[in-house]
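Let's take a walk through a protein together. Have a look at the model first, and then we will go through it piece by piece.

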Amino acid sequence: MTAAAPRVRILGIDPGLRITGFGVIDKTGNSLSYVTSGCIKTRAEGDLAQRLKTILDGLAEVIAANRPDQVAIEKVFVNSNPQTTLLLGQARGTAICAAVLHTLPVNEYTALQIKQAVTGHGKAAKVQVQDMVKRLLRLAGDPSPDAADALACAVCHAHGGQGLGKLATAGYRMKRGRLV
């Protein structure tokens with residue numbers, strides 16, 4: 001008699017100061033299932049500290065309501081505007097703090113890794129990511145772009161950071177991009 005595969009609940013986070021996307025999925029064996037997703041929005045004209053508190057409180061609510069086992073978060077990219085990069089880093093740090101305050105392990109992935117895991121192509125467009133998330137999780141409608149990015153991050157983590165773009169090459173050699 002085989003034991004049932006354990007369920008792992010993953011919270012994916014797409015950090016942003018204006019909009020922080022979140023997505024929760026369950027992984028049971030090789031199967032993924034959608035739990036919930038959404039966005040935490042801050043007021044653009046608000047004080048920075050208050051905006052960060054909104055993100056922290058919002059993610060704390062998501063964590064309390066969904067009780068994830070692990071967290072996957074997108075790594076910050078370097079923007080051409082250093083001020084924007086700094087603000088995004090603060091939102092990302094706040095999201096990490098929300099997870100750490102709930103003693104959850106945090107795993108980080110670049111946008112390239114996430115896109116590669118979900119679409120098989122690291123430079124996929126946002127709409128491609130959105131469409132693949134919809135297909136992989138069998139969603140009835142399109143999630144918002146920020147929620148889709150968060151769900152994609154969770155899917156990337158569920159696939160061990162490899163995902164659909166990982167070619168199984170165990171026992172094979174690669175030569176100039178071809179199996180030999």
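**Starting from the sheet**

An open sheet of five strands runs in the order β3-β2-β1-β4-β5, with mixed pairing. Strands are DSSP runs of E with at least two residues, helices are runs of H or I with at least four, and both are numbered from the N terminus. At the edges are β3 (31-41) and β5 (106-109), each pairing on one side only; two strands pair if DSSP finds at least two bridges between them. This is a predicted model, where local features need pLDDT of at least 70 and side-chain atom pairs count only at pLDDT 80 or more, while totals for chains, interfaces and linings use all residues. Residues are numbered from 1 along each chain as its sequence is written, and side-chain values use heavy atoms, leaving out hydrogens and water.

Now follow β2 (residues 19-28), which pairs with β3 in the antiparallel sense over 10 bridges. Within this pairing, Thr28 has Ser31 of β3 as its bridge partner. Helix α1 (residues 48-66) packs on the sheet and touches β1 (7-14), β2 and β3, where contact means heavy atoms within 4.5 Å.

Next, find Thr94 in helix α2. Is Thr94 buried or exposed? Thr94 is buried, with a relative accessible area of 11%; buried means under 20%, exposed over 50%, and partly exposed in between, using a 1.4 Å probe and protein chains only. Not counting residues up to four places away in sequence, Thr94 touches Leu52, Ile55 and Leu56.

Technical notes: Axes fitted to C-alpha atoms, helices over the stretch in contact; angles between N-to-C directions.
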